[in-house]
Amino acid sequence: QVHLVESGGGLVQAGGSLRLSCAASGGTLSNYAMGWFRQAPGKEREFVASISRSGGNTYYPDSVKGRFTISRDNAKNTVYLQMNSLKPEDTAVYYCAALFTSSSYYFTNNRDEYDYWGQGTQVTVSS
C-alpha cells in the first residue's frame, strides 16, 4: 500500500508561484500514474494534472494549462506540481493521488480510478 504525503502549500499573492511535492512510501512510485486534484470549500474535488508512469505523458484542464506543470522523479519517489501565475480561484486543498497501472503511458483525469490519496495541503492565493 502506497502512503502519500503532500507538502509545499501556503499563502501566496496573486501572480505568485508555489511548488507542491508529493512523497510516496510503502511502494515504488514508478508503478503508478499520478494525479493532482484540488477541492475548494463547498465544491467537488476537481482534476488539476496527471502524469504517466514514464513521465512522458501529461494532461491538464484548461483552467491551469500553461500555468501548472506536473513532473516526477521516480528515483526520489516524488511527484511535483509547479504552480505559476496563481489566481485567487486556485485557492483549495490540493491532493495527490496514485493509480496502479501496468502501462507506462496511461494517465487519467478520472478521480474514481485512483487507488491512493494523500491528506492534502492548503494553498491560499490572496488578491
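Read along the sequence, the protein chain runs β-β-β-β-β-β-β-β-β-β-β, with eleven strands and zero helices (DSSP runs numbered from the N terminus: E of at least two residues for strands, H or I of at least four for helices). Its radius of gyration is 13 Å, close to the 14 Å of the globule rule for 127 residues, so the chain is as compact as a globular protein of that length (C-alpha atoms; the rule is 2.2 Å times the number of residues to the power 0.38). This is a predicted model, in which local features need pLDDT of at least 70 and side-chain atom pairs pLDDT 80 or more, while totals for chains, interfaces and linings use all residues. Residues are numbered from 1 along each chain as its sequence is written, and side-chain values use heavy atoms, leaving out hydrogens and water.

The C-alpha atoms fill a box of roughly 45 × 25 × 25 Å along the principal axes. Of the 127 residues, 45% count as buried (under 20% relative accessible area; exposed is over 50%, partly exposed in between; 1.4 Å probe, protein chains only). As for contacts (heavy atoms within 4.5 Å), 62% of those between residues at least 6 apart in sequence join residues at least 24 apart.

Two loop residues other than glycine have positive phi. Asn77, in the loop between strand 7 (68-73) and strand 8 (78-83), has phi near 55 degrees and counts as buried at 16% relative accessibility. Ser85 sits in the loop between strand 8 and strand 9 (92-100); its phi is near 50 degrees, and Ser85 is partly exposed at 41%.
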